[in-house]
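Here are a few exercises to work through with the model open beside you. Try each task before reading its solution.

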Amino acid sequence: METDAPKIKIAINGGIGFGAKLNAKQLVTISKYMNEEDEMELTTFQQLYLEIPENRKDEVIEELESVGLACYSVGNFVKSLRTCNFCKGEEREGMPIAKELNRRFAGKPVPFTLKMAYTGCPVGCGEPMLSDIGVMKFKDHYNLYIGGKAKGKDAEVGYLLKENLTPEELYDTVDKLIAAYSQMGKKREAFYKFCKRFDIDQLANYSVAD
């Protein structure tokens, strides 16, 4: 690996699938961009932080993606979707919906890092009720929680904003929430604090044109 070139940090993971897993080919590819003394940070949101040469960013990301790794920007963006392990199968647990949520929203710029989580059943292994935006599959529909906070003495469970959503209703509501936060949130204002400044039911019907 180049040692003198300026580096940037990116977040990587194995994408949305049955648990947070990496295969041997992916690990070998990652190791090409590390020295023996380097360490990788594993975040609570199933991501690894990797430093890569800034002047080869596009080339390196293309190589990482070619072995099935998903790459994301680090900073004030929507994080990649945190998920449960989909213990009962792809369709039953709603994995296609999780993948689509991640595709639509991960990487969007926001005032402060926003964490989304998804779980395929009421057991809630993905901890959706402790995330900024959380989705829980219930039978064939989806419940949407917002404003959860997992850390600190003021930790709290998120507010159940909407129940029994279809996939399209879910995507539309999440889109409106993120648009409202992007346009009206203060710089470095955490999402749970943003939610407390507004009527959150109105946020769910926010129009980008407002």
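This is a predicted model: local features need pLDDT of at least 70, side-chain atom pairs count only at pLDDT 80 or more; totals for chains, interfaces and linings use all residues.

**Exercise 1.** Which residues are buried in H5?

Residues are numbered from 1 along each chain as its sequence is written, and side-chain values use heavy atoms, with hydrogens and water left out.

*Solution.* Start with the terms: helices (H or I, at least four residues) and strands (E, at least two) are DSSP runs, numbered from the N terminus. Buried means under 20% relative accessible area, with a 1.4 Å probe and protein chains only. Reading along H5, the buried residues are Leu-170, Tyr-171, Thr-173, Val-174, Leu-177, Ile-178, Ala-179, Ala-180 and Tyr-181.

**Exercise 2.** Check the span of helix H5 (residues 167–184).

*Solution.* The expected span is 1.5 Å times one less than the number of residues. For the 18 residues of H5 this gives 26 Å, and the end C-alpha atoms are 26 Å apart, so the two agree.

**Exercise 3.** Work out the strand order of the open sheet.

*Solution.* Two strands pair if DSSP finds at least two bridges between them.

1. E1 (residues 7–13) pairs with E3 (residues 48–53) in the antiparallel sense over six bridges; Lys-7 has Pro-53 as its bridge partner.
2. E1 also pairs antiparallel with E4 (residues 70–73), over four bridges, and Ala-11 is partnered by Tyr-72.
3. E2 and E3 are antiparallel over two bridges, with Leu-42 opposite Leu-48.

The order is therefore E2-E3-E1-E4. E2 (41–42) and E4 are the edge strands, each pairing on one side only.

Technical notes
Buried means under 20% relative accessible area, exposed over 50%, partly exposed in between (1.4 Å probe, protein chains only).
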